[in-house]
Amino acid sequence: GLDAFRTLLIDRGHDFWIGCGEGMADSDFAARASSLRCDGVGAAEAFSHCFLANSERPSRDVNSLIDQFGLGLRKRRPVLDPGESAGCIFCLVSSHGPSALSSQRQAMSGHDRRLSTEERVRRSTLAFELVTEAKLLATAREFPEHFWLTACSGVDRDTCKKRVVTIRVDGQLASERFTRCLIAQTEAGGAWYCCCLNIFRRSRWTRQLARRRVLQWKMRRLRRRFPRRRRKNLLRERN
């Protein structure tokens with residue numbers, strides 16, 4: 001049953017594929033396992049072992065395992081069917097090192113849309129931080145030109161992370177554009193704020209360059225505003 005699958009998956013990391021077969025006993029599924037395809041790759045080519053168990057509620061049991069161990073190599077969950085009939089659940093693993101499907105995924109970019117959002121969060125360079133609403137707003141005020149704010153409602157914080165790695169800001173993925181993401185739940189508890197930031201501590205040379213550019217901008221504005229002769233008189237008066 002499920003306990004045997006939990007024991008099997010506890011040390012597998014994310015290199016596994018779990019699924020279910022409705023209206024099919026485990027003995028019937030075993031005959032079809034060799035023709036099963038996982039994300040376009042033959043199960044017999046990608047994995048070495050297939051473990052099976054009968055189940056009264058296959059999709060519910062698979063989703064229960066996903067809640068505990070993650071999606072593995074799947075891209076999304078199986079649809080939960082309240083009126084499903086009995087069937088079986090299965091788990092494909094490789095006992096000879098990383099599976100062929102896992103090796104194929106590792107060669108992909110962390111932003112590849114063929115990966116599940118769960119895996120994109122794991123491989124993202126964004127540093128996610130769970131903070132209070134007050135700290136999030138204080139950080140946004142401290143760096144007013146370096147943040148992008150959005151909100152999610154009716155979801156948990158893990159789903160917020162998944163939404164952030166798929167969001168595009170000015171045509172660029174947020175996970176490529178920013179370095180940190182602060183997540184805070186509102187005081188009312190109904191929604192989550194996600195604040196993506198790029199925080200750069202400016203060096204002394206950068207600060208001097210910024211002051212020089214401000215001075216140049218002021219001089220250009222002065223030239224446009226006053227004629228040359230009047231500008232000379234104005235400078236003499238100031239001196």
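Which strands do the buried residues of helix 7 pack against? Keep that question in mind while we get our bearings. The structure above is a predicted model, and its protein chain comes to 11 helices and 11 strands. The chain has 239 residues, and buried residues make up 38% of them. If we take the contacts in the chain with a separation of 6 or more, residues 24 or more positions apart account for 72% of them.

Now to helix 7, which spans residues 133–142. Its buried residues are Glu133, Leu136, Thr139 and Ala140. Look down the axis of helix 7 and you will find these buried residues within an arc of 130 degrees, so they line one face of the helix. On the other side of helix 7 sit Ala134 and Arg141, which are exposed. That brings us to the opening question: the buried residues of helix 7 pack against strand 7 (147–153), strand 10 and strand 11 (191–197).

Let us follow one of those partners, strand 10, which covers residues 180–185. Cys181 lies in this strand, and at 0% relative accessibility Cys181 counts as buried. What does Cys181 touch? Leaving aside residues up to four places away in sequence, Cys181 touches Leu126, Ala127, Phe128, Glu129, Val164, Cys194, Cys195 and Cys196. Lys161 is 20 residues from Cys181 along the chain, and the C-alpha atoms of the two are separated by 8.7 Å.

In one, the side chains of Arg123 and Glu119 meet with 3.3 Å from N to O. Arg123 and Glu119 are four residues apart in helix 6 (residues 117–123), so about one helical turn separates them. Arg123 is partly exposed, at 26% relative accessibility, whereas Glu119 is buried, at 5%. In the other example, Arg60 and Asp61 form a salt bridge of 3.9 Å, N to O. Here Arg60 is partly exposed, with a relative accessible area of 42%, while Asp61 is buried, at 12%.

Next, turn to helix 1, made of residues 2–9. Which residues of helix 1 are buried? They are Phe5, Leu8 and Leu9. These residues cover an arc of only 85 degrees around the axis, which puts them on the same side of helix 1. The face turned away from that buried side carries the exposed residues Asp3 and Thr7. What covers the buried residues of helix 1 includes strand 1 (17–22), strand 4 (49–55), helix 4 (58–69) and strand 5 (87–93).

Two packed helices are described by the angle between their axes and the distance between the axes. For helix 1 and helix 4, the angle is about 30 degrees and the axes are 11 Å apart. Their crossing is right-handed. From helix 1, Leu2, Phe5, Arg6 and Leu9 meet Asp61, Ser64, Leu65, Gln68 and Phe69 in helix 4. Asp61 is a residue you have already seen, in the salt bridge with Arg60.

Finally, how many disulfides are there? The count comes to zero. Take Cys88: the closest cysteine sulfur, in Cys20, is 8.0 Å from the sulfur of Cys88, too far for a bond. Cys88 is buried, at 0% relative accessibility. For Cys160, the nearest cysteine sulfur is that of Cys152, 4.1 Å away, and Cys160 is in no disulfide. A disulfide needs the two sulfur atoms within 2.5 Å. Cys160 is buried too, with a relative accessible area of 0%.

Key:
Residues are numbered from 1 along each chain as its sequence is written. This is a predicted model: local features need pLDDT of at least 70, side-chain atom pairs count only at pLDDT 80 or more; totals for chains, interfaces and linings use all residues. Side-chain values use heavy atoms; hydrogens and water are left out. Buried means under 20% relative accessible area, exposed over 50%, partly exposed in between (1.4 Å probe, protein chains only). Helices (H or I, at least four residues) and strands (E, at least two) are DSSP runs, numbered from the N terminus. The arc is that of the directions from the helix axis to the C-beta atoms. Contact means heavy atoms within 4.5 Å. A salt bridge is a side-chain nitrogen of Lys or Arg within 4 Å of a carboxyl oxygen of Asp or Glu. Axes are lines fitted to C-alpha atoms, for helices over the stretch in contact, and angles run from 0 to 180 degrees between N-to-C directions. A crossing is left-handed if the near helix is turned anticlockwise from the far one by less than a right angle, and right-handed if clockwise.
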